[in-house]
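Please open the structure in a viewer and keep the selection panel at hand. The stops below proceed by selection, with a short account of what is found at each.

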Amino acid sequence: MKLKWWNSGLAAAIALLGGCSKSKPAWEYMSDMMDQPALKAYEYDKSLPHRRSAFLPVPGTIPRGYQPYPYKEDPEAAGRELKNPLPMTKEAMLAGEKVYKTHCIVCHGEKGDGNGSVVPPFPRPPSLHSEKVRNWPDGRIFHVVTEGQNLMPSYASQINAEKRWAAIHYLRALQRAEGATQEDVGEYLRRGTTDYGPRTTDQGSGTE
Ligand code: HEC
């Protein structure tokens with residue numbers, strides 16, 4: 001096949017432009033594009049105040065949407081003073097189920113009895129159906145999820161406050177299912193549905 005003259009010209013141009021052999025650095029055309037005064041993120045530079053391009057935030061800086069948590073050292077006060085801001089609706093329950101099944105189930109198990117898939121080797125957590133946890137107010141449980149407790153880490157950075165409260169609604173549903181009474185069973189039969197929803201149909205936005 002006979003190459004057209006402009007074909008060979010193109011090939012030559014490509015050969016020239018792409019002439020970066022591994023042994024030599026590429027030819028810099030308009031090197032200002034390479035060497036800019038702009039700093040790259042986290043670039044090290046001795047002459048900068050922090051020796052790097054990233055500055056520390058001004059003391060007292062808080063992330064957008066941050067809410068202080070004043071109960072760090074006082075779980076009981078969290079229990080007394082914090083109220084679950086989410087009404088127990090179907091939406092909240094489904095959101096809580098998602099949180100529980102994403103974050104809690106691996107340790108606490110599907111039913112909350114401590115039979116999670118990582119147990120063992122992870123030590124078995126106590127059952128969430130104990131007298132103690134059933135009698136805890138929502139705020140006290142919120143404290144455990146927010147601050148962690150002994151071996152259980154804090155989930156504040158993974159699960160936002162609203163989702164933590166939703167998970168507590170789901171935990172309450174697990175507790176109620178575990179300790180179901182004749183009355184609950186009666187209601188279940190009356191409703192004729194396994195759909196989640198508030199206890200009585202005139203509350204929240206349960207869809208029935
Ligand atoms: C990595 C495993 C792990 C995960 C994940 C986990 N927990 Fe825990 N949880 C534990 C352990 C272990 C304890 C017992 C801590 C202790 O010894 O005080 C515990 C304790 C608790 C308690 C207090 C129980 C009591 O009797 O004192 C609650 C409530 C609780 N977890 C809820 C949750 C919720 C809700 C989630 C999900 C947001 C969650 N946990 C995720 C391991 C876990």
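Predicted model: local features only at pLDDT ≥ 70, side-chain atom pairs only at ≥ 80, totals over all residues.

The tour begins with the whole chain, then turns to one helix and to the ligand.

**Whole chain.** Seven helices and zero strands are present, and reading along the sequence gives the pattern α-α-α-α-α-α-α. The chain has 208 residues, of which 16% count as buried. Among contacts between residues at least 6 apart in sequence, 57% join residues at least 24 apart.

**Helix H5.** Next, select residues 138-147, which form helix H5. Why is H5 described as largely enclosed by the rest of the structure? Eight of its ten residues are buried, so the helix is largely enclosed. To display the buried positions, select Asp138, Gly139, Arg140, Ile141, Phe142, His143, Val145 and Thr146.

**Ligand shell.** Now select the ligand and the 24 residues around it; Cys104, Cys107, Pro125, Asn150 and Met152 come nearest. Which helices each supply at least two residues of this shell? They are H3 (90-108), H4, H5 and H6. H3 provides the largest share, five residues. Finally, colour the shell by residue class: 18 residues are nonpolar, five are polar and one is charged.

Notes
Residues numbered from 1 in each chain as written. Buried ≥ 20, exposed ≤ 12 C-beta atoms within 10 Å, placed from the backbone. Helix = DSSP H or I, 4+ residues; strand = E, 2+ residues; numbered from the N terminus. Near = placed C-beta within 6 Å. Nonpolar A, V, L, I, M, F, W, Y, C, P; charged D, E, K, R; others polar. Contact = placed C-beta atoms within 7 Å.
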